[in-house]
Amino acid sequence: MPAKTAKPETAPAKNATAKHVAECHGVKVPDSPMLTPVRIERINAARYEGQEIAGALQVVQAGDKVLEMGSGIGLVGAIVAKNGKPSKVVSFEANPNLIEHITALYKLNRLSKTIEVRNEVLVSAPDAPETMAFHIRNSYLGSSLIDSDSRATTRVDVQTADYAEVHKDLAPDVLLMDIEGGELEFLRHASLDGIRAIVIEFHPDAYGREGMRECKSILEHAGFAKVPDHCTRQVWTCVRDAKLQGPLPDAAWTAQTTTLENAILVPPTEQEFVQKAGVLTADGKYHAEGALWRNGRALTVAPDMPDGTLKTRKGTWLWGGVLWMHFGHFLVESTARLWALANLDEKIDGILFVPKRPRNGDEVLQFQKDLIGLMGTDVPVICVPEAEQVERLIVPGQGFGLGPMITGTQTFRDAFANNFAKDIQADGPEKLYVSRSKLPSGRGNLIGEAELEEHLGAEGYVIYHPEKYDIYHQIATYKAAKQIIAAEGSTLHMLAMVADPATEIAMIVRRPSGATRNLERHLEAFTGRAPVSITHLLRSWKPRGAAKPRMWMGELDMPALQNTLAEAGFIAKGGTPWVSLDPKDVQERLGNRYEEVV
């Protein structure tokens, strides 16, 4: 018998005059062009999106705040809103053709006070455009941000929304995600902090099995574990497992140490963002407290047990973690366990790291040795390039880092406040501008910084280029300053560790980046006062072709910058007006190497 052919989705459903044509979990579904007879049957039988609905009802608790990405016809979110008793559901749907029907469903079920739908694309990447192309197909189920096959589509440009802002404002407990292949890109950039449970449908047709594995890996490394009986290969319901969760400033283990006998150190063998590396116990079990976490995600994960006989390092050693060559990442991530130096009750033979980049091998730079020495220790600092066994290894918890750990634990802050660079005396000018103008253009500079330096020089500021000086000179200079204006960058992490709490600090933002918030929180947590953050950019420019935001250049709005600095008390009011940059001059400076970011 030949298979029956369903009517096209544009055909009106049966019983068009009825108030509703289907019902599932107590939610009535009004007629709409998307409701084919087959779909109506599936809704009534609770088979339509059945796995996602069952998973969501399993994890959503009364009073929860729920973020839904991909409303579809609105049924999943409505069932959650009606049956899970959340306090709020915010749903995002990119397809503009669905919004009126979703709204009608909410209204019919009297859920409009609990759930709202927004016709926007929720984007987690820091460099998101104002709009994104969305490809509408005949079936709304196949409509997507990804135009990946030969089927006919209608393109529409849909407004974007910043996930970081939504995450901050809503503080969701549960995330529901069905966005037709967009989940991989979203998860690569999204902070999952505070989210207790996730229900997600994967779409390997869009990004392949490798992409699906990466999605699952991100969730696992963020501490999520599958809920038994509510997961299939392509639909996961997962909850955060405390045993897998990353460090938080008030978590007890982040300020505790563990001593392992005959521990095994395994450096990374491949240059990847997430790497198999870290600490194993003598019997080969992964010691999770030795991992490096960033933004709620583990950057080092369980390595395999090395083959063969390992070299044994005698003595008692402190685990330092991952050794970064980048100055800023070293300050924030390679110092994360140094709080233990001020809290040990026994002598150690040295500090052991593994390299971030395998090609760096056993290299330890002078500035790294100097900074560690400023904690009041003179023990050797060693980077381990090959797997080895350590007779006795003290593993401190991660007390600092990027993301939720940027404020540091109280133990970490106390250790640095009482010990770090305490013997370096303040020596330098009271008014300081910390510049990036002498750095190579690929480092992400400010267009107009030379003009800014001239203006600030007239206001009594000394222009300071920290890369020209050693660590000791930098710290003495920062300790002496009473007012500091700095272009956004790693210098502000150093400032946070040594600046006098009375010092006034202004940060001139040079790019759209999550790094800005990390700098703000670091400064406030360590000095007791937040910096004045100033974002006055007329335009952003990037190197032609693919370029990460850290390489972008921000074009300063000079009059607005002058006004804000004056209002904040960093410069005098009523001075000679700062002249706007000449667009032609800006273009000549950039030549053909850069293009404006749209």
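Student: How much space lies in the largest cavity?

Tutor: About 50 Å³. Keep in mind that this is a predicted model.

Student: How many cavities of 30 Å³ or more does a search of the whole structure find?

Tutor: The search finds 3.

Student: Back to the largest cavity. Which residues line it?

Tutor: Val29, Pro30, Ser32, Met34, Ile73, His101, Ile102 and Leu105. Helix H4, residues 99–108, gives the largest share of that lining, with 3 residues.

Student: And how does the lining of the largest cavity divide by class?

Tutor: Into 6 nonpolar and 2 polar residues, with no charged ones.

Student: Pockets next. How much space lies in the second largest pocket?

Tutor: About 460 Å³.

Student: Which elements give two or more residues to its lining?

Tutor: Helix H7 (204–221) and strand E14 (275–276). The lining has 19 residues in total. Thr269, Glu270, Val274, Gln275 and Lys276 lie nearest the pocket centre.

Student: What does that pocket lining have by class?

Tutor: It has 9 nonpolar, 4 polar and 6 charged residues.

Student: Switching to helices. At what angle do H13 and H14 cross?

Tutor: Roughly 10°. H13 covers residues 491–498 and H14 covers residues 515–527. Their axes come within 8 Å.

Student: Why are they called roughly parallel?

Tutor: Angles under 35 degrees count as roughly parallel, so H13 and H14 are roughly parallel to each other.

Student: Which residues make the contact?

Tutor: On H13, Leu492, His493, Leu495, Ala496 and Met497. On H14, Leu519, His522, Leu523, Phe526 and Thr527. By class, the contact has 7 nonpolar residues, 3 polar and no charged.

Student: Now sheets. What is the strand order in the open sheet of 4 strands?

Tutor: The order is E24-E30-E29-E31, and the pairing is mixed. The edge strands are E24 (446–447) and E31 (594–596), each pairing on one side only.

Student: In which sense do E29 and E30 pair?

Tutor: Antiparallel, over 4 bridges. E29 spans residues 537–543 and E30 spans residues 553–556.

Student: What stands opposite Ser540?

Tutor: Gly554, in E30.

Student: Last one. Which helix lies across E24, E29, E30 and E31?

Tutor: Helix H16, residues 583–590. H16 runs at about 20° to E29.

Note on methods
Residues are numbered from 1 along each chain as its sequence is written. This is a predicted model: local features need pLDDT of at least 70, side-chain atom pairs count only at pLDDT 80 or more; totals for chains, interfaces and linings use all residues. Side-chain values use heavy atoms; hydrogens and water are left out. Axes are lines fitted to C-alpha atoms, for helices over the stretch in contact, and angles run from 0 to 180 degrees between N-to-C directions. Angles under 35 degrees count as roughly parallel, over 145 as roughly antiparallel, 65 to 115 as roughly perpendicular and the rest as oblique. Contact means heavy atoms within 4.5 Å. Ala, Val, Leu, Ile, Met, Phe, Trp, Tyr, Cys and Pro count as nonpolar, Asp, Glu, Lys and Arg as charged, and the others, Gly among them, as polar. On a 1 Å grid over the protein atoms alone, a cavity is a set of points where a 1.4 Å probe fits but cannot get out, and a pocket is an open set with protein on both sides within 12 Å along at least five of seven lines; lining residues have an atom within 4 Å of a point. Grid points are joined across faces, edges and corners, and a volume is the space filled by probe spheres set on the points. Two strands pair if DSSP finds at least two bridges between them.
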